[in-house]
Amino acid sequence: MTERLDVAKLQRRLAEFAAARNWQPYHTPKNLVAALSVEASELVEIFQWLTPEESARVMDDPGTAHRVTDEVADVLAYLLQLCEVLGIDPLAALDAKIDRNERRFPVPGAADA
């Protein structure tokens with residue numbers, strides 16, 4: 001049976017990976033945001049010239065699916081490292097943002113019911 005993954009465990013693995021290679025001096029917020037932007041751009045590149053229909057089927061091709069999965073992992077890795085460096089709980093931040101969005105963008109007609 002595989003062990004369940006969680007955000008904190010993945011952040012620890014990323015921190016241990018960087019520490020073993022003495023990369024911490026390079027993992028400043030500025031550098032992590034730049035790396036995150038680059039990886040997000042690499043994900044965009046895969047979809048750049050696809051039609052909406054083609055983009056919806058991108059995971060049907062194993063080679064493209066592998067590239068998408070790798071780029072998603074890279075984006076998430078840099079985002080989690082940034083959150084670790086800045087002391088942000090990414091799940092709490094997302095939960096709070098959803099709460100704010102629910103207040104900002106109420107369901108049409110829901111207040112009338």
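# Chatting through the helices

Trainee: Where does Gly-63 lie?
Mentor: Gly-63 lies in helix H4; helices here are DSSP runs of H or I with at least four residues, numbered from the N terminus. This is a predicted model, where local features need pLDDT of at least 70, side-chain atom pairs count only at pLDDT 80 or more, and totals for chains, interfaces and linings use all residues. Residues are numbered from 1 along each chain as its sequence is written, and side-chain values use heavy atoms, leaving out hydrogens and water.

Trainee: Is Gly-63 buried, partly exposed or exposed?
Mentor: Gly-63 has a relative accessible area of 42%, so it counts as partly exposed (buried is under 20%, exposed over 50%, partly exposed in between, with a 1.4 Å probe and protein chains only).

Trainee: What does H4 span?
Mentor: H4 covers residues 62–86, which is 25 residues, and it reaches 36 Å from first C-alpha to last. That is close to the 36 Å expected at 1.5 Å a residue, the expected span being 1.5 Å times one less than the number of residues.

Trainee: Which residues of H4 are buried?
Mentor: Among them are Val-68, Glu-71, Val-75 and Leu-80. Their cover includes H1, H2 (29–47) and H5 (90–104).

Trainee: What follows H4?
Mentor: Gly-87 does, with a positive phi near 75 degrees.

Trainee: Switching to Glu-39, where is it found?
Mentor: Glu-39 is in helix H2. It is buried yet has no salt bridge (a side-chain nitrogen of Lys or Arg within 4 Å of a carboxyl oxygen of Asp or Glu).

Trainee: Which side chain of opposite charge is nearest to Glu-39?
Mentor: That is Arg-67, 11 Å away; Lys and Arg count as positive, Asp and Glu as negative, while His and the chain ends are not counted.

Trainee: So what does Glu-39 touch?
Mentor: Setting aside residues up to four places away in sequence, Glu-39 touches Glu-71, Asp-74, Val-75 and Tyr-78 (contact means heavy atoms within 4.5 Å).

Trainee: What about Ala-18, buried or exposed?
Mentor: Buried, because its relative accessible area is 4%. Ala-18 is in helix H1, and beyond its neighbours within four places in sequence it contacts Trp-23, Gln-24 and His-27.

Trainee: Where is Phe-17 found, then?
Mentor: Phe-17 is in H1, residues 7–20, and at 39% relative accessibility it is partly exposed.

Trainee: Last one: what is the phi of Asn-22?
Mentor: Positive, about 55 degrees, although Asn-22 is not a glycine. Asn-22 sits in the loop between H1 and H2.

Terms used: Helices (H or I, at least four residues) and strands (E, at least two) are DSSP runs, numbered from the N terminus.
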